[in-house]
Amino acid sequence: MTHTMGINNIDSFGEVLLWSFWFFIWISAIMIWFRCIFDLFSDKTLSGWGKAGWAIVLIFLPWLGALIYLIARGKSMGERQMAAIADAQVQQEKYIKSVAAQTANPADQIASAKQLLDSGAISQAEFDALKAKALA
C-alpha cells in the first residue's frame, strides 16, 4: 500500500511540474503576442494597410503570426523601442529644465516678499522668515 502511495505522489509532482511548464509557455506566448501588437500600432512608418494585414495575421494565427512578426520586424522593433526611450528621456530633461528655470533667484523672492509686506498681506515675522528661506 505504501508503494502505490509513493508512485501517486511522484505522478502528482510530475503533473505539477508539467502544468507549471505549460503555464509558463502560455504566459510567455501571451506576452510576446501583446508586445507584437503594441509595436505594430506604435510604428509610425507602417501604412494603415500594412498594420491591417499584420493585425489579421496576429489575430487569426497568433503563434505563427507572432513568430513571423518577430523574424520580419524584430530588429526594427528594438530600434523603435530604443528611439521611444530616448525620446521619453529628452522630454523628461526638457520638463526638468523648464521647472528648474521657473525657480526665482533670491533677490526676486525677497522683492516679492517685500511687496507682500508692504501691501499688508504678510507680517514682519513672515517676511523675515521668507527672507531667511530665500537666502538659505
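Biologist: Which residues do ring pairs link into a cluster?
Modeller: This is a predicted model. A search of the whole structure finds five aromatic pairs. Ring pairs join three residues into a cluster: Trp-33, Phe-34 and Phe-38.

Biologist: Are the rings of Phe-21 and Trp-22 stacked or edge-to-face?
Modeller: A pair of aromatic rings is described by the distance of the centres and the angle of the planes. For Phe-21 and Trp-22, the centres are 5.4 Å apart and the planes stand at 70°. Planes over 60 degrees apart count as edge-to-face. So the pair of Phe-21 and Trp-22 is edge-to-face.

Biologist: Is Trp-22 buried, partly exposed or exposed?
Modeller: Buried means under 20% relative accessible area, and exposed means over 50%. Trp-22 has 43% relative accessibility. Phe-21 also has a value of 43%, and is partly exposed. So Trp-22 counts as partly exposed.

Biologist: What kind of pair do Trp-26 and Trp-63 make?
Modeller: Their ring centres lie 5.3 Å apart. Their planes are at 80°, so the pair is edge-to-face.

Biologist: How many residues apart in sequence are the parts that the pair of Trp-26 and Trp-63 ties together?
Modeller: Trp-26 lies in helix α1, residues 2–42. Trp-63 lies in helix α3, residues 62–101. So the pair ties together parts separated in sequence by 37 residues.

Biologist: Which helix gives the most to the nonpolar patch?
Modeller: The patch is on the surface and has about 900 Å² of accessible area together. Its members include Leu-18, Phe-21, Trp-22, Trp-26 and Trp-63. Leu-18 is in helix α1. With seven residues, the top contributor is α1.

Biologist: Leaving aside neighbours within four places in sequence, which residues is Trp-54 in contact with?
Modeller: Trp-54 is part of the largest nonpolar core. With those neighbours left aside, its contacts are Leu-40, Leu-46, Gly-65, Ile-68, Tyr-69, Ala-72 and Arg-73.

How values were computed. Residues numbered from 1 in each chain as written. Predicted model: local features only at pLDDT ≥ 70, side-chain atom pairs only at ≥ 80, totals over all residues. Heavy atoms only, no water. Phe/Tyr/Trp six-rings, centres within 6.5 Å; stacked < 30°, edge-to-face > 60°. Buried < 20%, exposed > 50% of the residue type's maximum accessible area, 1.4 Å probe, protein only. Helix = DSSP H or I, 4+ residues; strand = E, 2+ residues; numbered from the N terminus. Patch = residues over 30% accessible without salt bridge, like charges linked within 9 Å, V, L, I, M, F, W, Y side chains within 5 Å. Areas by Shrake-Rupley, 256 points an atom, 1.4 Å probe, with all protein chains shown as cover. Salt bridge = Lys/Arg side-chain N within 4 Å of Asp/Glu carboxyl O. Core = buried A, V, L, I, M, F, W, Y, C linked by side-chain atoms within 4.5 Å. Contact = heavy atoms within 4.5 Å.
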